[in-house]
Amino acid sequence: MDADDSRAPKGSLRKFLEHLSGAGKAIGVLTSGGDAQGMNAAVRAVVRMGIYVGAKVYFIYEGYQGMVDGGSNIAEADWESVSSILQVGGTIIGSARCQAFRTREGRLKAACNLLQRGITNLCVIGGDGSLTGANLFRKEWSGLLEELARNGQIDKEAVQKYAYLNVVGMVGSIDNDFCGTDMTIGTDSALHRIIEVVDAIMTTAQSHQRTFVLEVMGRHCGYLALVSALACGADWVFLPESPPEEGWEEQMCVKLSENRARKKRLNIIIVAEGAIDTQNKPITSEKIKELVVTQLGYDTRVTILGHVQRGGTPSAFDRILASRMGVEAVIALLEATPDTPACVVSLNGNHAVRLPLMECVQMTQDVQKAMDERRFQDAVRLRGRSFAGNLNTYKRLAIKLPDDQIPKTNCNVAVINVGAPAAGMNAAVRSAVRVGIADGHRMLAIYDGFDGFAKGQIKEIGWTDVGGWTGQGGSILGTKRVLPGKYLEEIATQMRTHSINALLIIGGFEAYKSACDMAEARGRHQELCIPLCVVPATISNNVPGTEISLGSDTGLNAVVETCDRIKQSASGTKRRVFIIETMGGYCGYLANMGGLAAGADAAYIFEEPFDIRDLQSNVEHLTEKMKTTIQRGLVLRNESCSENYTTDFIYQLYSEEGKGVFDCRKNVLGHMQQGGAPSPFDRNFGTKISARAMEWITAKLKEARGRGKKFTTDDSVCVLGISKRNVIFQPVAELKKQTDFEHRIPKEQWWLKLRPLMKILAKYKASYDVSDSGQLEHVQPWSV
């Protein structure tokens, strides 16, 4: 299927991958510096995409050291050499720090080794040091070639033939310390490791009423510490970019003892390894422990996570990110000209972009310079919008002002969960309650959805009532699929009784539909003329007005973890194909993205109709695959992709057609996709997006204050979502036009654009639209 071209530049011709050829080109791929989960997924994507377009792709083992040493360290890769590496942490081609490459002599050897294999395109996966080295190598390239010619190591013909070197970088670093990209490869997986440890520690800390000081990686960047503090509701966090104010020791001890006084049985303090005070002196985890023990006498333990954070299997997010970046890197190399500067492929919002490598490196170095010069506000600003937003949200949610210092608005804001449970709902409720209280509102919790609303199951909810909610799965408030339609009379009565001035609805398609119904009923019930905001929360990711719904990341990780286990079992038995059914209603997001992240051979979805010929072609493809060294298959099927081609039908067809070649097994994942603790992404996303929704509600209520204003306009009933690179509020009245109500999905879905990637990486021919690739953008400190 052709990917949709909704983002192709207006008036331009659509440009497809078929227009680009790698014939006669050689690409070298290397990983350098510290390893990060997801590097293998990036290597796999580069190798397979390179081979797909007709280029030769070479592994360069052990980073720049392998390039300098040459010989067997530079070896041609084939399709099968990157099989079964998607789910493996670290890097299969090795990484090493290399002193020799820092010298011109070393780079001369490296150039000679590359030329022996005709490699003039480099894809470097590493941190800012690795990428800076690649850029210097590119600048010196013509001079190195001339020197090699003078030494008689190459002829004049080679100097002309290999006249320029193209360099494209991908940032692999768990610290997320590279400016210009929202997320570096490995960051999300490192957060998974941290949160697994925090969740485990919380249970033991609670039993013994302990304080735990957790030290996480981040010598020059506090991203991991900040996001994990946000995701677990830590009592205090120490970052290199934002040191605590003078007298922090006393403030922290007061905060910890206040939390204990509120019957909180544990304290969690998170410290980045590079944490400093305002005088640039280190703040160590041991120093914090001593302080807590001597000042408060609390039983305190230190846990240093260390290299655990680098290890383990990559998360679904990192696999998809790395696969997208790897494909984009190959396209960038094919499109490069002698005048193209070295670029970095990065993520901005939900959008892959190319940025000039040295601009990104310069800004990353500017952050360090600002910290060295104690310009900490500048350091936070240069880290980007995402970092600054996380820091502000953390501060708002962690520290409660005394009641007499919060100006009261006399407004009651209610929070409700609607639809099926989704991981992250509780984090969103906690955030809404705390931001609402900080803004001076009285917060009300509605239990058991609209059913409970109609019955009056409404209670005031306070700051401490939502403590510890971020890490809990499901919905503590209770949620039902019931729509407000038949209860509107009773709901209006309850709204009048409780004087509800605004409503925050957290849920899936039912939440969106409820907002539509309530907006339509405003003429009959004036109680509904209040600001209504929907925060999309569903594993299906099928709510119009947003590209990502709360809970979909956790659901996707559940799918991918199961696929990994199943693939492992299949590798033992050989010649086995697994057919796995995912949830999602009519929305194929989980099946499609799960297929991309797990390395599936096919994914059947409702959005792309298929027939018996497609099924036959997939069986033939798998039959061919069984002749190679990769003797297993994985096929995903969305639960409602076809009325007649059911999971059983596909299983029986594959079993019959594959008889004597492979055998089949099927697996219906079911409700395990909805359960479990929320992923770090969903905890963080739920916390931030809900805080943003409350800011919108507060602004609306402020407009109306003292005027007794009724809200009747379309812009007072909105869905808050992510679109391309921005967080935006869209009126439900406008979104109706973009909705397929019968199948409960948006008419256009961004992720269909990534569908060809899954097919290409599984060795199918596919038409991939690259119209919005190719534009080199400039780095904005506030763009990330």
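Q: In which loop does Ser-84 lie?
A: In this predicted model, Ser-84 belongs to the loop between strand E3 (74–76) and helix H3 (104–115).

Q: What is the phi of Ser-84?
A: The phi of Ser-84 is near 60°, which is a positive value in a residue other than glycine. For context, most residues other than glycine have a negative phi.

Q: What about Asn-541, what is its phi?
A: Asn-541 also is not a glycine, and its phi is positive, at about 55°. The residue sits in the loop between strand E16 (532–536) and H18.

Q: Is Asn-541 buried or exposed?
A: Asn-541 is buried, as its relative accessible area is 3%.

Q: Moving on to H18, at what angle does it cross H19?
A: Helix H18 (residues 552–573) and helix H19 (residues 589–598) have axes that cross at roughly 50° and come within 9 Å. That angle makes H18 oblique to H19. The crossing is right-handed.

Q: Which residues make that contact?
A: From H18, the contact is made by Ser-552, Gly-555, Leu-556, Val-559, Val-560, Cys-563 and Lys-567. H19 contributes Tyr-589, Leu-590, Met-593, Gly-594, Ala-597 and Ala-598. By class, the contact of H18 with H19 has 9 nonpolar, 3 polar and 1 charged residues.

Q: And H4 with H11, how do their axes cross?
A: The axes of helix H4 (residues 128–150) and helix H11 (residues 357–372) cross at roughly 140° and come within 10 Å. H4 and H11 are therefore oblique to each other. The crossing of H4 past H11 is left-handed.

Q: Which residues are in contact there?
A: Asp-128, Leu-131, Thr-132 and Asn-135 take part from H4, with Leu-357, Met-358, Val-361 and Thr-364 from H11. The contact of H4 with H11 has 4 nonpolar, 3 polar and 1 charged residues.

Q: What about H7 and H22, how do their axes cross?
A: For helix H7 (residues 223–232) and helix H22 (residues 680–704), the axes come within 8 Å, with a crossing angle of roughly 75°. This makes H7 roughly perpendicular to H22.

Q: Which residues meet, and how do they divide by class?
A: Val-227, Leu-230 and Ala-231 of H7 meet Pro-680, Arg-683, Asn-684, Thr-687 and Lys-688 of H22. The residues of the contact of H7 with H22 divide into 4 nonpolar, 2 polar and 2 charged.

Q: Changing topic: how many residues has the largest nonpolar core?
A: The largest nonpolar core has 151 residues, and Ile-270 and Leu-504 are those with the most contacts inside it. Helix H10 (residues 316–335) supplies the largest share of this core, 13 residues.

Q: What does Leu-504 touch?
A: Not counting residues up to four places away in sequence, Leu-504 touches Ala-414, Val-415, Ile-416, Ala-432, Cys-533, Val-535, Ser-690, Ala-693, Met-694 and Ile-697.

Q: How many residues has the other core?
A: The other core, which lies apart from the largest one, has 42 residues, among them Leu-148, Leu-165, Phe-178 and Leu-357.

Q: Last one: where is Tyr-768?
A: Tyr-768 lies in the segment after helix H24 (755–761). Tyr-768 is buried, with a relative accessible area of 9%. The C-alpha atoms of Tyr-768 and Leu-757 are separated by 7.4 Å, and the two residues are 11 residues apart along the chain.

Notes. Residues numbered from 1 in each chain as written. Predicted model: local features only at pLDDT ≥ 70, side-chain atom pairs only at ≥ 80, totals over all residues. Heavy atoms only, no water. Axes fitted to C-alpha atoms, helices over the stretch in contact; angles between N-to-C directions. Helix = DSSP H or I, 4+ residues; strand = E, 2+ residues; numbered from the N terminus. Parallel < 35°, antiparallel > 145°, perpendicular 65-115°, else oblique. Left-handed = near helix turned anticlockwise from the far one by under 90°. Contact = heavy atoms within 4.5 Å. Nonpolar A, V, L, I, M, F, W, Y, C, P; charged D, E, K, R; others polar. Core = buried A, V, L, I, M, F, W, Y, C linked by side-chain atoms within 4.5 Å. Buried < 20%, exposed > 50% of the residue type's maximum accessible area, 1.4 Å probe, protein only.
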